Amino acid sequence: LAGDANYAGETWRIDRDAVGGTLGGTVMIAIAAETDRPHYRRVTVTAEFPDEGAERARRTRSIAIETERPPASEDESS
């Protein structure tokens, strides 16, 4: 987000060889605007292992990140 204000997320596929096993995984990053806080973006990361099949684990984490501070009004600077 610091390098590209329009970054919307991406998906990484982690090859089984990278984790030294027989199964791979997937990491999905999604960015969304916070409707009630325009200077924030909601970053949600979901990891799935293995990346296929009915018996997989999924873990999701989400955090709001401030992308810029609004300028101080004249009333606040006095």
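I began with isoleucine 65, which is found in strand β4. Strands here are DSSP runs of E, at least two residues, numbered from the N terminus. The model is predicted: local features need pLDDT of at least 70, side-chain atom pairs count only at pLDDT 80 or more, and totals for chains, interfaces and linings use all residues. Residues are numbered from 1 along each chain as its sequence is written, and side-chain values use heavy atoms, leaving out hydrogens and water.

**Sheet.** I traced 4 strands in an open sheet, ordered β1-β2-β3-β4, with antiparallel pairing. Pairing requires at least two DSSP bridges between two strands. At the edges I found β1 (9–14) and β4 (57–66), each pairing on one side only. I then looked at β1 and β2 (residues 25–34), which pair in the antiparallel sense over 6 bridges. Tryptophan 12 has valine 27 in β2 as its bridge partner.

**Isoleucine 65.** Buried, exposed or partly exposed? I noted a relative accessible area of 34%, so isoleucine 65 is partly exposed. The cut-offs: buried is under 20%, exposed over 50%, partly exposed in between (1.4 Å probe, protein chains only).

**Threonine 26.** I moved on to threonine 26, in strand β2. Its relative accessibility is 14%, so threonine 26 counts as buried. Which residues does threonine 26 touch, not counting those up to four places away in sequence? I listed Thr11, Trp12, Arg13, Thr46, Ala47, Glu48 and Asp51. Contact means heavy atoms within 4.5 Å.
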